Amino acid sequence: MFTITTNKSAISSQSSSTFISKSGIYDATIKFASVDTSTKGAKSVNFNLDVNGTNQTIYGPYIYDRDGNSLEIGLKLINQLAILAGLRDGDHPTIETETHNVGRDNKAIDFEVITDFTDLPIKVRIQMEYSMYEGNISERKNIKAFFSADGASPAEIIARENGENVTIGKDLEKQQKYVDNVTYKDGLTAEAVASWLADKAANKAAPSNKPTPKVVNKPAGSLFR
């Protein structure tokens with residue numbers, strides 16, 4: 001589907017929680033990453049992550065638009081991750097159909113899984129984004145950079161393999177200045193989003209007036225909504 005490259009511009013990364021709910025750099029293990037095709041034909045890569053024992057899904061970057069044109073930002077991120085997974089110049093990620101039980105009903109669904117990424121320990125920088133959708137605030141978790149579990153960037157890994165004297169973790173340190181960044185769109189402000197999040201938390205904490213169901217044997221928590 002796409003070819004890996006180790007050139008510097010493609011692999012540069014510059015430009016305690018158990019659940020990803022705010023911007024930050026998280027230690028995680030990729031349980032599986034899958035290529036998803038939208039109803040209009042655009043392709044993206046989604047990630048099922050384990051963060052300190054909590055499974056969660058990050059709907060990742062688009063890599064091709066609906067006309068099949070490559071999307072540079074998304075492909076660069078996936079290329080960076082492929083370097084961390086051990087792929088090098090000219091390699092192609094392996095994509096196989098796998099069945100995983102997901103959703104509220106724990107339903108078995110087939111996914112096009114990039115097997116090179118399965119069970120890969122990483123650090124990932126997430127930046128929260130808030131926008132309006134059909135009159136309501138919408139939240140999205142955007143992947144901004146990948147690093148190895150020990151904090152090496154793809155660029156540092158390749159530089160080390162090429163015999164260069166590099167300090168592992170320097171690129172990760174540079175990311176700290178962006179770690180609290182949040183994207184607000186459609187005229188939203190930090191105050192408006194904070195109020196919305198507080199209302200969500202209050203509604204979630206409020207006791208339900210619904211009767212307790214007699215049957216409580218429900219499937220385990222979902223990975224996908």
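Me: How many residues lie between β6 and β7 in their hairpin, and which residue in the turn has a positive phi?

Reply: There are 2 residues between β6 and β7, and E134 in the turn has a positive phi of about 50°. On the labels: helices (H or I, at least four residues) and strands (E, at least two) are DSSP runs, numbered from the N terminus. Before we go on, this is a predicted model, where local features need pLDDT of at least 70 and side-chain atom pairs count only at pLDDT 80 or more, while totals for chains, interfaces and linings use all residues. Residues are numbered from 1 along each chain as its sequence is written, and side-chain values use heavy atoms, with hydrogens and water left out.

Me: Which strands pair with β6, and in which sense?

Reply: Two strands pair if DSSP finds at least two bridges between them. Here, β6 meets β7 (residues 136–148) through 12 bridges, running antiparallel. Strand β1 (residues 24–37) also pairs with β6 in the antiparallel sense, over 7 bridges. With β8 (residues 182–184) the sense is parallel, and there are 3 bridges.

Me: How many residues of β6 are buried?

Reply: In general, side chains in a regular strand alternate between the two faces of the sheet. Buried means under 20% relative accessible area, exposed means over 50%, and partly exposed is in between (1.4 Å probe, protein chains only). In β6 (residues 120–133), 11 of the 14 residues are buried, which leaves the strand mostly covered.

Me: Where does S23 lie, and what does it touch?

Reply: S23 is in the loop between α1 (8–11) and β1, and it counts as buried because its relative accessibility is 10%. Contact means heavy atoms within 4.5 Å. Not counting residues up to four places away in sequence, S23 touches I126, Q127, M128, V179, D180, N181 and V182. A polar contact is a pair of N or O atoms within 3.5 Å; within protein, one must be able to donate a hydrogen and the other to accept it, and residues adjacent in sequence count only if both atoms are side-chain atoms. The side chain of S23 has a polar atom 3.0 Å from the backbone nitrogen of M128, and one 2.6 Å from the backbone oxygen of N181.

Me: How many residues are in the largest nonpolar core?

Reply: A nonpolar core is a set of buried Ala, Val, Leu, Ile, Met, Phe, Trp, Tyr and Cys residues joined through side-chain atoms within 4.5 Å. The largest one has 35 residues, and I30, F47, L81 and F146 have the most contacts inside it. Two or more residues come from each of β1, β2 (43–51), β3 (54–64), α2 (72–84), β6 and β7. Leaving aside neighbours within four places in sequence, the contacts of I30 include F47, L49, L81, F117 and I122.

Me: What should I know about salt bridges, and how many does the structure hold?

Reply: Side chains of opposite charge can pair when their charged atoms come close. A salt bridge is a side-chain nitrogen of Lys or Arg within 4 Å of a carboxyl oxygen of Asp or Glu. The structure holds 5. One of them joins E161 to R88, with the closest N and O atoms 2.5 Å apart. E161 sits in helix α3 and R88 in the loop between α2 and β4 (95–102), 73 residues apart. Another joins K185 and E129 at 3.7 Å, N to O. K185 is in the loop between β8 and α5 (190–205) and E129 is in β6, so this pair ties together parts 56 residues apart in sequence. K185 is partly exposed, at 38%, whereas E129 counts as buried, at 13%.

Me: Where is confidence lowest, and where is it highest?

Reply: pLDDT is the predictor's confidence in each residue, from 0 to 100. Where pLDDT is low, the predicted coordinates should not be read in detail. The protein chain averages 87, and 84% of the residues score at least 70. Confidence is lowest in α1, with a mean of 54, and highest in β8, at 98. Over residues 210–225, pLDDT stays under 50.
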